[in-house]
Amino acid sequence: MDYIITVAVFTAITTLGVLGTFVLTGLTGLFSLGQAAFMGLGSYIAALAVVKYDVPFPLAVAMAVVISVAVAYVIGYTTLKIRQDFFALVTFGFGEALRSIMDESVKYTGGAMGFSGVPQLTTPWLAFGSLAAAVWLVRNVRKSKFGRDCLAIRTDELAAQVIGIDAFSHKLKVFLLGAGLSSFAGALMAFFTTYVEPGMFGWIQSAIWIIMVFFGGRDSLTGTIFGAATLSALPEILRFASQWRVLIYCVIILLIINFRPAGLFGRWELSLENLGLKHRRVGPGIPEGKIHG
Amino acid sequence: MEASQFLSVAMQQIVNGISLGAVYALIAVGFAMVFNVLKFSNFSHGGVLGTGAYLGYLAALYLKLPLIPVLLIGMLMGGLVAVGVEFVAFRSIRKKRGQLVYFFVTSVTMLMLLEQILVIFFGASFFTYPTMIRTTSFSLGGINFTVLYLVMMAVSLLAFGTLAWALKYTKLGIAIRAASNDLTTTNLMGVNVDFIVMATFFVSGMLGGLSGVLLGMTYTLYPQIGQLVVKGFIACVLGGLGSVTGAAWGALALAVVEVSLIAIMGAGLSPAVIFAIMVAFLLVRPQGFAGVSFQEKA
């Protein structure tokens, strides 16, 4: 039973981190190859603050989120005005830079050997509660005018700007939100696994998060949560197959992208209306029609 | 340190940097070719690179082949693997006119897939290529020339020369350039686009296999060697996506900076400095080295 709870909490925290990728890629179509690095930044800041400076746990988590968002602001401000590839490149560079700093700061963080001895302060309820709160937040952001403006930017940036949407500021805000979510997940992760190492947050991890989002469906919050939860628990479930599991994982993703490019869930969301339990009320929502970009 | 001594140390780093840059340029150009035609960052190129490196290693170890046949085998295998990847992963997305993001996601998946295949067949351990070059280095004017590095440079130059010639004068090369310009119109003009895309992947894969074998000979062989494709990605973006020449220059600059930084401050923190330089460069010159700005269509 303990094992199942451990896997469940781990999965919940990972899903929280992946929500960062979901808002960024789902709302603006940007790719961050450094999203997992924000998780790393969050976990290191929180762990350092608690272990070395005796900062109380909640304050440490808040510090982790604030500092990560500030870092994201600098990165976003310099790169979001230019082309999207540059954003991908610079977030990638950020991840590698962060990793090299973590590797080198042996005195403070244990370097490449990892940072151990973090107290276990993340309870299962904290993890599940945080995930629920984040899901609620992301759902509302997506439904708000801001969220729909972002979808307009993703679909056709020029047209969106013509009707008066400030693409740069929207992208920046979404990026900050994403960085905040991922770093928060990182802080929780550090205090759950009690051990963090730089290797956990490389660009491949960020790429895997993007894959998870596409697996479930980039236009479906339900799908993303399903994708993140399944794909991060899958390696645990497939443990018996050891080295074949990554292979199986990749083949499943290839099949999904090839035969159901919109992701498993497409744009379907879990809601009372969609389950037929409640009548659909007419009102604002994401308009039907095609979203590109 | 005296001025002359400093100069020779600096020269040494530049020579080393250019040699490494030659291999980075091979990666970057292979990466850029697919980008030009299909307009997406093809990370599966790394998997092709790794597979080529391992197959070249097998050829060197078991068939006891000398250098040049090993390089050719690496190229051929790289080309075949790349064509296979195109067939398995990208063809149906292209046929369905899927969005570019799907290509990107699939290409990263293919990188992981090929990497994992290498782990399954060879294990996660390190391998070293058998020695294929007797003399290791010689000195000229105070600068040490490693023979392997010179071979790397010569091979890359030869490959680029051939590629430039083929792109400029052969029918297939002209078709590839046309496809880079506009895939749909090229198709309308009666060119078999499927064949051109396949050929592009084959050529790109040949460059990938070649760079894989060269990297494997210089360093050691490990399943994650394919992740060096990011050097190609960085070089390509810095060079201005959409320009093969720009990618080559970007690769050269990246390698020289990397080698110098490692000489000055060690390998540890150099990624952080490279990141800072990269951001500064993009702020000053967002269109890349070549100045050819590839416009994303809205």
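Predicted model: local features only at pLDDT ≥ 70, side-chain atom pairs only at ≥ 80, totals over all residues.
Let me start with two helices in chain B: helix H10, residues 244–265, packs with H11(B) at an angle of about 135°, and their axes are 10 Å apart. H10(B) and H11(B) are therefore oblique to each other.

Helix H3 covers residues 67–95 and helix H4 covers residues 100–122; their axes come within 10 Å and cross at roughly 160°. Are they roughly parallel or roughly antiparallel? That angle makes H3(B) roughly antiparallel to H4(B), because anything over 145 degrees is counted that way. The crossing of H3(B) past H4(B) is right-handed.

Next, chain B as a whole. Its secondary structure comes to 11 helices and 2 strands. Along the sequence the pattern is α-α-α-α-β-β-α-α-α-α-α-α-α. Chain B has 298 residues, and a compact globule with that number would have a radius of gyration near 19 Å; the chain has 19 Å, so the two agree. The C-alpha trace of chain B spans about 65 × 50 × 35 Å along its principal axes. Of the 298 residues, 49% count as buried. If we take the contacts in chain B with a separation of 6 or more, 77% of them are between residues 24 or more positions apart.

Chain A can be described in the same terms. Chain A has 12 helices and 2 strands. From the N terminus on, its elements run α-α-α-α-α-β-α-α-α-α-β-α-α-α. For its 293 residues, the radius of gyration of a compact globule would be near 19 Å, and chain A agrees with this at 19 Å. The principal axes of its C-alpha trace give a span of about 55 × 45 × 35 Å. Buried residues make up 51% of the 293 residues in chain A. Of its contacts with a separation of 6 or more, 79% come from residues 24 or more positions apart.

One residue of chain A as an example: Ala132(A), which sits in helix H6, residues 124–143. Is Ala132(A) buried or exposed? Ala132(A) counts as exposed, because it has 12 C-beta neighbours inside 10 Å, and the cut-off for exposed is 12 or fewer. Ala132(A) also lies 95 residues from Ala37(A) in sequence, and the distance between them in space is 23 Å, C-alpha to C-alpha.

That leaves the place where the chains meet. How many residues of chain B are in contact with chain A? There are 33, and they touch 37 residues of chain A. Four elements of chain B give two or more residues to this side: H3, H4, helix H9 (229–238) and helix H11 (270–284). Which of them gives the largest share? H4(B) does, with 11 residues. By class, the side of chain B that touches chain A has 25 nonpolar, 7 polar and 1 charged residues.

The axes of helix H10 of chain A, residues 203–216, and H4(B) come within 10 Å and cross at roughly 125°. H10(A) and H4(B) are therefore oblique to each other, and their crossing is left-handed. In H10(A), Ala207(A), Ile210(A), Ile211(A) and Phe214(A) meet Val105(B), Val108(B) and Thr109(B) in H4(B). This contact has 6 nonpolar residues, 1 polar and no charged.

Terms used
Residues numbered from 1 in each chain as written. Chains lettered and ligands numbered in written order. Axes fitted to C-alpha atoms, helices over the stretch in contact; angles between N-to-C directions. Parallel < 35°, antiparallel > 145°, perpendicular 65-115°, else oblique. Left-handed = near helix turned anticlockwise from the far one by under 90°. Rg over C-alpha atoms; globule rule 2.2 N^0.38 Å. Buried ≥ 20, exposed ≤ 12 C-beta atoms within 10 Å, placed from the backbone. Contact = placed C-beta atoms within 7 Å. Nonpolar A, V, L, I, M, F, W, Y, C, P; charged D, E, K, R; others polar.
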